[in-house]
Amino acid sequence: MSGAGSILVTGGSGRLGQALARQGCTALSRARMDITQPEQLAAVFDDFRPAAVINAAAYTAVDAAEENEAAARAINADGAGHIAACCAAAGIPLIHISTDMVFSTGDPDHPLDEAARPSPNSVYGATKLEGELAVQAAGGRHVIARVSWLFDRTGTSFISKMLEIAADRPVLKVVTDETGRPTDTDALAAHLVQLARHLIEAIETPSLLHLGPGPAASRFDWARRVFETSARAGGPRPELEPVTGETFQTAAERPRGVVLDVRRGDALLGPLPDWQASSDEAVRAHLAGPPSAPKGSR
């Protein structure tokens with residue numbers, strides 16, 4: 001394989017995995033590449049002989065993880081260790097996707113850089129941090145890429161959930177103390193392919209990077225943008241009521257005030273495009289509904 005096709009992606013049926021496939025990567029679903037099964041990984045490596053691997057497989061049901069800790073750990077921690085060990089043994093560089101939820105609190109005016117000490121407050125965050133440590137312990141060449149608030153134009157995301165809820169509610173309560181960097185999966189995928197090429201070409205690369213676009217936003221900021229765009233497209237525009245996270249009782253705690261400092265990633269790869277235009281496109285796409293299947297498709 002050559003080009004982006006030489007980059008093997010786990011979690012190929014997920015949102016980021018699909019975006020990486022659109023970049024030309026070889027993205028495999030769990031049915032074909034289960035990171036909880038080391039023997040299967042070795043066989044896949046023998047078949048594809050990748051130049052680099054991007055581990056986008058994850059247990060991402062944040063609230064469900066509180067009651068399914070073993071399942072979350074099997075993928076997020078143990079699975080990350082398995083894929084890292086296989087990559088290290090084969091001399092293949094690995095990009096491991098992690099999350100801002102390895103942190104629990106922060107000050108949005110002072111983003112957290114790669115030297116900040118993680119402090120997860122949920123099972124999901126804790127198992128993702130365990131996965132980072134397992135990747136580091138495997139000893140191979142790697143980059144851990146922490147990201148936040150992914151969205152696309154078709155799948156379930158904050159945008160789709162807001163539009164769905166607003167369909168029958170004139171007033172929505174939205175939190176102001178959850179902050180992050182809304183990140184378009186297609187833009188992120190292009191950056192990750194660029195990062196993989198750095199590793200393939202043995203360009204000196206930090207082993208931990210925070211990636212995401214500017215500017216940072218709160219959930220309330222993002223919701224306001226969503227509904228401004230929705231209103232222009234003939235969709236709902238409910239009244240928004242700002243509240244703090246304590247208003248909602250969720251199984252898993254959410255980080256408060258956490259924003260990733262992405263200056264190191266920007267210096268290496270160039271900045272990601274600001275998120276607003278992509279968010280607007282996603283809103284319009286969700287309002288338009290899924291595209292019709294081509295004639296004769298199955």
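**Close-up views of a predicted model**

View 1. Six strands form an open sheet in the order β2-β1-β3-β4-β5-β10, with parallel pairing. Strands β2 (26-27) and β10 (208-210) lie at the edges with a single partner strand each, so one side of each has no neighbour in the sheet. Strand β3 (residues 52-55) pairs with strand β4 (residues 94-99) in the parallel sense over three bridges, and N55 stands opposite H96 in β4. Two strands pair if DSSP finds at least two bridges between them. Helices (H or I, at least four residues) and strands (E, at least two) are DSSP runs, numbered from the N terminus. The model is predicted: local features need pLDDT of at least 70, side-chain atom pairs count only at pLDDT 80 or more, and totals for chains, interfaces and linings use all residues. Residues are numbered from 1 along each chain as its sequence is written, and side-chain values use heavy atoms, with hydrogens and water left out.

**View 2. The contact of helices α3 and α4.** The axes of α3 (residues 69-90) and α4 (residues 123-138) come within 8 Å and cross at roughly 15 degrees; axes are lines fitted to C-alpha atoms, for helices over the stretch in contact, and angles run from 0 to 180 degrees between N-to-C directions. The two helices α3 and α4 are therefore roughly parallel to each other (angles under 35 degrees). Residues of α3, including A77, A80, G81 and A84, meet residues of α4, among them T127, G131 and A134, where contact means heavy atoms within 4.5 Å. By class, this contact of α3 with α4 has 11 nonpolar, four polar and four charged residues; Ala, Val, Leu, Ile, Met, Phe, Trp, Tyr, Cys and Pro count as nonpolar, Asp, Glu, Lys and Arg as charged, and the others, Gly among them, as polar.

**View 3. The contact of helices α5 and α7.** Helix α5 (residues 158-166) and α7 have axes that come within 10 Å and cross at roughly 65 degrees. From α5, F158, I159, M162, L163 and A166 meet R219, W222, A223, V226, F227 and S230 in α7. The residues of this contact of α5 with α7 comprise nine nonpolar, one polar and one charged.

View 4. T229 is placed in helix α7 (residues 219-232). With a relative accessible area of 2%, T229 is buried (under 20% relative accessible area, 1.4 Å probe, protein chains only). Apart from its neighbours within four places in sequence, T229 is in contact with D280, V283 and R284.

Note on methods. Angles under 35 degrees count as roughly parallel, over 145 as roughly antiparallel, 65 to 115 as roughly perpendicular and the rest as oblique. Buried means under 20% relative accessible area, exposed over 50%, partly exposed in between (1.4 Å probe, protein chains only).
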